[in-house]
Amino acid sequence: LTQIFIKDVGFFEKRNIPSSEDLDKIPAWHLMPPNETSKWGKVGAFYYLRKKNPVTATVIANRGCRAMCTFCSVRNFNGIGVRHRSISSIIDELVMLRDEYGIEHVMWLDDDLLFDRERTIGIFNEIVRRNLNITWDASNGIIASALKDEVLDAAATSGCIGMHFGIESGSDKILREVHKPSGKKHYLALEHKLKKYPQIFTKGFLMIGFPNETLAQIKETIDMAIQINLDWYTIQVVHPLPKTEMHTQMAQMGEIIED
């Protein structure tokens, strides 16, 4: 119960963070069979790129994120750093989902799917070696600086049809201030990297309204997005989530009320 949040009660101060060994336990899919739940809605952002009514499930390989973005609350509920499942556990779950529930597509829920380059390539290569014949997408935001050529090639070969990128801003000053793990050069490099893989639909997350952000910096974001030329973008106004560094900063600036 130490990881549950109850409305109007608050956050538990002491929480048990699951170990990597705990994460290797395959979820009890029989309690909510994905071949049944897939009949009642759409899972993930890329359902329109697949055949009608595909059987879909969500899978997680890593818990946590290496980044320390000031606006993000992942570290608040997942703890500091990244803990990961074993490759064998991940593949066993994918095989089970395919064979027992007819899964054709999975959406990775990871906040840092590409953490540990060699291990990530190992996962993708094992999907190919085991001939799983599934497609997948990464909708929670890929860290651009982690998308090396060999990782992207392994991802495409293993069935990737969609990637989202947490770009946020086109201003290096803003990116440094909010502690993004990627810089403008990494985002600009996406244009050439992704041209080789037209089968992968790409989407960028953009944000405006950072503390002290200027109109010129917002224009930098727009200009960079146009240059990268991803398939789609969403633009969100910055929302300071409670308990994040940005929330504290904006409260000290008098931009928001602490509570």
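**Entry 1: α5 and α6.** I looked up helix α5 (residues 117-129) and helix α6 (residues 149-157), and their axes come within 8 Å and cross at roughly 25°. Angles under 35 degrees count as roughly parallel, so α5 is roughly parallel to α6. I noted the crossing of α5 and α6 as left-handed. This is a predicted model, so I keep that word beside every entry.

Which residues make the contact? From α5 I listed R117, T120, I121, F124, N125 and V128. On the α6 side I found E150, V151, A154, A155 and T157. Sorted by class, the contact of α5 with α6 has six nonpolar, three polar and two charged residues.

**Entry 2: α4 and α5.** Next I turned to helix α4 (residues 87-101), which packs with α5 at an angle of about 30°, the axes lying 10 Å apart. Is the crossing of α4 and α5 left-handed or right-handed? I wrote down right-handed for α4 and α5.

In α4, the residues I87, I90, I91 and L94 take part. They meet R119, G122, I123, E126 and I127 in α5. The contact of α4 with α5 divides into six nonpolar residues, one polar and two charged.

**Entry 3: the sheet.** Then I went on to the strands. I found an open sheet of six strands, in the order β1-β4-β5-β6-β7-β8, with parallel pairing. A reminder to myself: strands of a sheet pair through backbone hydrogen bonds, either parallel or antiparallel.

Which strands are at the edges? They are β1 (56-59) and β8 (232-237), since each of these pairs on one side only. From one strand to the next, the twist averages 15°.

I picked one pairing to follow. Strand β6 (residues 160-168) and strand β7 (residues 201-208) pair in the parallel sense over six bridges. For G166, I looked up the bridge partner in β7 and found F205.

**Entry 4: aromatic rings.** How many aromatic pairs does a search of the whole structure find? I noted three. One of them is W108 with W136, whose ring centres are 6.3 Å apart. Their planes stand at 75°, so I labelled the pair edge-to-face.

W108 is in strand β4 (residues 105-108) and W136 is in strand β5 (residues 135-142). The two are 28 residues apart, and the pair links distant parts of the chain.

Definitions and conventions: Residues are numbered from 1 along each chain as its sequence is written. This is a predicted model: local features need pLDDT of at least 70, side-chain atom pairs count only at pLDDT 80 or more; totals for chains, interfaces and linings use all residues. Side-chain values use heavy atoms; hydrogens and water are left out. Axes are lines fitted to C-alpha atoms, for helices over the stretch in contact, and angles run from 0 to 180 degrees between N-to-C directions. Helices (H or I, at least four residues) and strands (E, at least two) are DSSP runs, numbered from the N terminus. Angles under 35 degrees count as roughly parallel, over 145 as roughly antiparallel, 65 to 115 as roughly perpendicular and the rest as oblique. A crossing is left-handed if the near helix is turned anticlockwise from the far one by less than a right angle, and right-handed if clockwise. Contact means heavy atoms within 4.5 Å. Ala, Val, Leu, Ile, Met, Phe, Trp, Tyr, Cys and Pro count as nonpolar, Asp, Glu, Lys and Arg as charged, and the others, Gly among them, as polar. Two strands pair if DSSP finds at least two bridges between them. Rings of Phe, Tyr and Trp (its six-membered ring) pair if their centres lie within 6.5 Å; planes under 30 degrees apart count as stacked, over 60 as edge-to-face and the rest as tilted.
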